Amino acid sequence: MMPRAYPVGTGWIEVVTGCMFSGKTEELIRRLNRARYATQRVVMYKPAVDTRYAVDDVVSHSDARYPCRPVSSPAEMLRLVGDAQVVGIDEAQFFDETLIDVVERLANDGRRVVVAGLDQDYRGKPFGPIPGLMAVAEYVTKTLAVCMVCGSPANRSQRLVQRDDQVVLGASDTYEARCRLHWDPERFDAMQQSLPLDDS
Ligand code: ADP
Ligand code: MG
């Protein structure tokens with residue numbers, strides 16, 4: 001028999017991170033669904049500020065859904081976690097740095113914690129607690145989208161509207177995925193999405 005990667009009772013941290021539309025939420029939902037099929041007790045959290053598609057569901061851009069508890073602080077996750085064995089957290093970049101300690105406590109208590117969030121903001125700068133989480137995680141998965149200009153692998157989120165706040169909620173009307181070459185934080189003009197839908 002193969003040895004287990006982790007002994008029973010040991011927790012760990014998985015981080016799924018990349019730009020917008022790179023499939024972070026899809027991957028988080030996929031991992032949590034598999035845990036659920038294995039009859040593990042699962043809880044999903046998201047920041048209460050993220051009300052884009054639904055309040056009580058985590059929803060991907062491809063409309064995959066998973067029921068969740070919206071929370072306004074990482075401390076609230078500890079209060080609500082109960083006997084969950086697997087903890088999912090989406091849009092983790094919106095929480096403050098206290099998330100790192102909370103995730104470590106959850107993992108130290110023997111839970112599997114799967115955290116998804118943006119690695120960079122629209123200026124290409126490390127976003128909130130994600131870099132710190134990547135440092136302490138056992139597993140880090142970097143997801144890539146498709147550049148809407150050239151079709152190359154994309155790891156940047158291009159903001160299409162001029163706003164200086166770090167947090168501007170939105171989806172394909174506000175952001176699009178770009179590769180390193182076609183991403184420009186100084187440009188906001190709403191370029192037409194050219195891939196993969198435009199075949200003219
Ligand atoms: P994330 O959580 O990283 O923002 P989601 O998991 O919510 O990503 O959505 C991924 C889905 O977004 C893809 O399966 C695809 O349907 C859609 N999508 C829209 N634009 C793009 C793009 N430029 N590259 C890849 N997927 C895209
Ligand atoms: Mg997402």
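What share of the 200 residues in the chain is buried? Buried residues make up 40% of the chain. A residue counts as buried if 20 or more other C-beta atoms lie within 10 Å of its own, as exposed if 12 or fewer do, and as partly exposed in between, with C-beta atoms placed from the backbone. The model is predicted: local features need pLDDT of at least 70, side-chain atom pairs count only at pLDDT 80 or more, and totals for chains, interfaces and linings use all residues. Residues are numbered from 1 along each chain as its sequence is written, while chains are lettered from A and ligands numbered from 1 in the order in which they are written.

The chain holds four helices and 12 strands. These elements are DSSP runs, numbered from the N terminus; helices are H or I runs of at least four residues, and strands are E runs of at least two. Contacts are pairs of residues whose C-beta atoms, placed from the backbone, lie within 7 Å. Among contacts between residues at least 6 apart in sequence, 74% join residues at least 24 apart.

Six strands form an open sheet. Their order is β5-β2-β6-β7-β1-β8, and the pairing is parallel. Two strands pair if DSSP finds at least two bridges between them. The edges are β5 (69-71) and β8 (139-143). Each has a single partner strand, so one side of each is left without a neighbour in the sheet. On average, neighbouring strands are turned by 20 degrees against each other, direction ignored. Axes here are lines fitted to C-alpha atoms, for helices over the stretch in contact, and angles run from 0 to 180 degrees between N-to-C directions. Strand β1 (residues 12-18) pairs with β8 in the parallel sense over five bridges. Within this pair, V16 stands opposite T141 of β8.

Helix α1 packs on the sheet. Its contacts are with β1, β2 (42-47), β6, β7 (112-118) and β8, and its direction makes about 165 degrees with that of β7. Helix α3 lies across β1, β6 and β7 and runs at about 155 degrees to β7.

In α3, the residues L99, I100, V102, V103, L106 and A107 are buried. Seen down the helix axis, the buried residues of α3 fall within an arc of 165 degrees, so they line one face of the helix. The arc is that of the directions from the helix axis to the C-beta atoms. These buried residues pack against β1, α2 (74-80), β6, β7 and α4 (130-136). On the other side of α3, T98 and N108 are exposed. Just after the helix, G110 takes a positive phi of about 100 degrees.

D63 has a phi of about 70 degrees and sits in the loop between β3 (57-59) and β4 (65-67). D63 counts as exposed because it has 8 C-beta neighbours inside 10 Å. E91 has a phi of about 50 degrees and sits in the loop between β6 (86-89) and α3 (98-108). E91 is buried, with 21 other C-beta atoms within 10 Å.

Ligand 1 is surrounded by 15 residues, the closest being K24, T25, S60, H61 and A145. A residue is near the ligand if its C-beta atom, placed from the backbone, lies within 6 Å of it. Two or more residues of the shell come from each of α1 (24-37) and β9 (145-146). Helix α1 gives the most, with three residues.

Terms used:
Contact = placed C-beta atoms within 7 Å.
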